[in-house]
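Reader: I am new to this structure and would like to learn how to read its features one by one. Could you take me through a few of them?

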Amino acid sequence: MSLIIESLNHQISDGHNQRKLLSDLSLAVGQGECIGLMGDSGSGKTTLLNLIAGLEPIQQGQITLAGVELAHASEQQLSELRKKQLGIIFQQYNLLSSLSVQDNIAFSARLAGRYDASLCRELARQLDIQSLLTQYPLTLSGGELQRVAIARALSAQPKLLLADEPTGNLDDNNSAGVVALLVKLVKSHDTALVLVTHSHHVAGKMDKTYQLADGQLTIISKVV
Ligand SMILES: Nc1ncnc2c1ncn2[C@@H]1O[C@H](COP(=O)(O)OP(=O)(O)OP(=O)(O)O)[C@@H](O)[C@H]1O
């Protein structure tokens with residue numbers, strides 16, 4: 001298993017009141033498995049991704065990522081885990097504007113100590129961004145930026161890829177193309193994917209999709 005979540009509870013506070021956001025939530029994601037995560041705005045999807053990424057402390061329950069129990073890991077272990085085992089695609093891409101596309105793609109791989117020039121070239125080819133390699137992020141369209149962000153996340157060969165509405169800024173055509181490619185790439189690299197989306201069409205491309213509501217995950221049938 002790439003990711004195991006067991007009996008996770010998470011409360012948030014608005015300063016006065018405590019609210020239970022995640023309630024006894026469990027999930028297991030196998031290698032190469034693609035999981036969709038849907039749910040109303042404010043239901044806790046991003047918070048769940050942040051907990052999986054070790055970016056927020058676990059209050060109660062357990063998350064095990066690539067064999068490491070996050071609740072018992074030191075800051076240094078968490079940082080190593082993020083560098084070496086985890087890829088994250090943010091909604092706003094988070095590319096480094098001072099680096100060329102080529103250097104952005106290589107960045108996370110170098111950080112993980114796993115830079116492989118031929119893999120970077122292969123990802124650029126598969127994502128059809130070879131002609132953009134010497135350009136800088138500010139000169140690219142949303143769809144191009146998204147493809148660069150995917151190449152960057154996969155260049156480090158993570159065990160698990162977290163994607164927070166990765167197609168939120170794309171039109172339906174671009175979105176379908178990017179998701180199909182993302183699924184193909186993660187499958188071919190045996191990477192697990194947890195993808196947050198508001199789109200049933202995107203969710204339909206995943207192996208399984210869960211709805212987050214009232215702090216719990218319920219599997220929803222595939223809508224194609
Ligand atoms: N650190 C925090 N302290 C207090 N409240 C928080 C904190 N983080 C998130 N929240 C609240 O928790 C709720 C869930 O937020 P979250 O961003 O996880 O939802 P979401 O399902 O990803 O929503 P969206 O689909 O709109 O992105 C929101 O009401 C948010 O305001």
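Reader: What should the 14 residues of helix H5 span?

Author: A helix here is a DSSP run of H or I with at least four residues, a strand is a run of E with at least two, and both are numbered from the N terminus. The expected span of a helix is 1.5 Å times one less than its number of residues. For H5 (residues 142-155) that should give 20 Å, and the end C-alpha atoms are 20 Å apart, which agrees. This is a predicted model, in which local features need pLDDT of at least 70, side-chain atom pairs count only at pLDDT 80 or more, and totals for chains, interfaces and linings use all residues. Residues are numbered from 1 along each chain as its sequence is written.

Reader: How many residues of H5 are buried?

Author: A residue is buried if 20 or more other C-beta atoms lie within 10 Å of its own, exposed if 12 or fewer, and partly exposed in between, with C-beta atoms placed from the backbone. In H5, 12 of the 14 residues are buried, so the helix is largely enclosed by the rest of the structure. Among them are Leu145, Val148 and Ile150. After H5 comes Gln157, which has a positive phi near 50°.

Reader: What is the order of the strands in the open sheet?

Author: Two strands pair if DSSP finds at least two bridges between them. The open sheet has six strands with mixed pairing, in the order E6-E7-E8-E3-E9-E10. Strand E6 (86-89) and strand E10 (216-220) stand at the edges with a single partner strand each, so one side of each is left without a neighbour in the sheet. Strands E3 (residues 34-38) and E8 (residues 192-196) pair in the parallel sense over four bridges, and Ile35 stands opposite Val194 in E8.
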